[in-house]
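Here's a quick tour of the packing and the pockets in this one. Have the structure open as you read.

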Amino acid sequence: MEYRNYYLSFLVALCLSCPYTCLLAQNPPYKAVNLGNWLVAEGWMEQPSLFDGIVNKDLLDGTQVQLLSTKFQTYLAAENGGGADIVANRPSASGWETFRLWRVNETFFNFRVFNKQFVGISNQGGNKIVAVSNSPSNQETFQIIRNTNDPFKIRIRASNGLFLQVQSETSVTADYQGTSWEESDPSVFRMTIVRTLQGEYQLTNGLGPVKATQVLRDHWSSYITEQDFIFMSQNGLNAVRIPVGWWIAQNPTPKPFVEGSLAALDNAFTWAQNHGMKVIVDLHAVEGSQNGNDHSGTRDGFLEWGDSYIPQTVSVIDFLAERYGNRPSLGGIELMNEPQGVDIDSLKKYYKAGYDAVRKYNQNAYVIMSNPLGVEDSKILLSFVSGFNNVVLDVHYYNLYTDNFNNMNVQQNIDYINNERASDLSGVSSTNALSFVGEWTAEWKVESASKQDYQRYGQAQLDVYSRASFGWAYWSYKCQYNHWSLKWMIENGYIKL
Ligand SMILES: *[C@@H]1O[C@H](CO)[C@@H](O)[C@H](O)[C@H]1NC(C)=O
């Protein structure tokens, strides 16, 4: 038999013995999509919302409130931002007048101040209200009682069973026994919500352990299924980027998080393999929070990740690398999503240790490092990664979130992709670092854009981001807002791959 024929019949035999897709070994550059809001919840993306079943669902962990004394018409404030008394002498509210809730249960809360102390009853006597404790105990736990007809009119009951009252602008105490809702009552406050968070912590702690387990298991098994991998592979996608949280690596799962996202990720690897796709595992939420955003797993929006969190964050990577490092459908492991405001030296120290953890299990698997957000110099990691092998630098491109996009028209947005983005992207790769546009979307600030506008903008991004040597990943696969959903964009002819 001629060699060529022998080779052909070998190929035919191989094709008969396994589905054709397994022959299509996928290598970078990837055309990928993020499976956002699957294993790390993001409340803004879904309607009806998983959060709907929560009692007092506007008072989740991390909700920032300001409290106006209706009698004095002044705001409560943590003097000096914390470490001293709570006073009530501010005519307007900003940072020191803002309190972050920690939710104990449906009606009980802790209040965390600007400098991170918790509001509580003083140990010095007199039932004085102060903000001195660094961790909340019973004395720092309060019940919020909402007026039935006007839920932003509240009274606050302290752990001694008595209500907070404003005695004077410099004296707030927990010793009031009245029950009126009159504006002149010193225990009545008008609560304003100035920021909310809707991430995995808020969802699980808001639902409570029993409901959270049920709601999340249903979500994980229905939001993404093997059908979606069939759809993705049939429409030209060859990889998924899957955000996961640090709790995925721990058994038992630390409260309030719920056990089960690991099994869902296992399924994704199987489905990817069945349909010729790759999985990029993205550690999206790290313990301590690397950016304070909803999707970082934060409780209250404070960024606390730093040197002291490196060991446990590396152990999450170690766990993921051990479990998936040699799976044929592994596309890469991303060490941390979107660090923003973390110390750059801590980040490098962590990236080095995370890289080494992956290399313990696989010499060649791609290790993906996010460029820090909010840093002028997008080449900031280029020389750092020069000593590594098979490293990918991840940049996220949204024509959103900063004011310069507010007034751009369609063509200006497209020009921005063709010029600024193209130039930035070409700068973040080198001989040993691949580039990856790990998040982008066809949504923008242009109002009432036509279908054709979206098509042109989407195509411009595809053209430019296809130059990334590791590829790109759209945000996201599903979303209640159509232009954020690649599934919807494909089904409706806005994007074709
Ligand atoms: C809520 O927490 C408070 C304070 O720990 C406790 O006294 C109360 O019994 C709890 N309520 C419920 C319904 O669990």
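For sorting lining residues by class, Ala, Val, Leu, Ile, Met, Phe, Trp, Tyr, Cys and Pro count as nonpolar, Asp, Glu, Lys and Arg as charged, and the others, Gly among them, as polar. On that basis, the largest pocket is lined by 14 nonpolar, 14 polar and nine charged residues. Keep in mind that this is a predicted model.

**Largest pocket**
- The largest pocket holds about 1,100 Å³ of space.
- It has 37 lining residues, with Leu373, Gly374, His396, Tyr398 and Tyr401 closest to the centre.
- Strand 18 (391-397) and helix 7 (410-427) are the elements that give two or more residues to this lining, and helix 7 has the largest share, with four.

**Second largest pocket**
- Here the space comes to about 360 Å³.
- Thr204, Asn205, Gly208, Pro209 and Pro256 lie nearest the centre, out of 21 lining residues.
- Helix 2 (residues 200-223) gives the most to the lining, eight residues.
- Domain 1 (18-50 + 199-491) and domain 2 (64-195) each supply at least three lining residues.
- By class, the lining splits into eight nonpolar, eight polar and five charged residues.

**Nonpolar cores**
- The largest nonpolar core has 104 residues, and the members that touch the most others are Leu35, Trp38, Phe229, Ile242, Leu265, Tyr350 and Met369.
- Leaving aside residues up to four places away in sequence, Tyr350 touches Leu283, Trp305, Ile310, Thr313, Val314, Ile317, Leu335 and Met336.

Note on methods: Residues numbered from 1 in each chain as written. Predicted model: local features only at pLDDT ≥ 70, side-chain atom pairs only at ≥ 80, totals over all residues. Heavy atoms only, no water. Core = buried A, V, L, I, M, F, W, Y, C linked by side-chain atoms within 4.5 Å. Buried < 20%, exposed > 50% of the residue type's maximum accessible area, 1.4 Å probe, protein only. Contact = heavy atoms within 4.5 Å. 1 Å grid on protein atoms, 1.4 Å probe; cavity = no way out; pocket = protein on both sides within 12 Å on 5 of 7 lines; lining within 4 Å. Points joined across faces, edges and corners; volume = space filled by probe spheres on them. Domains from an automatic or database assignment.
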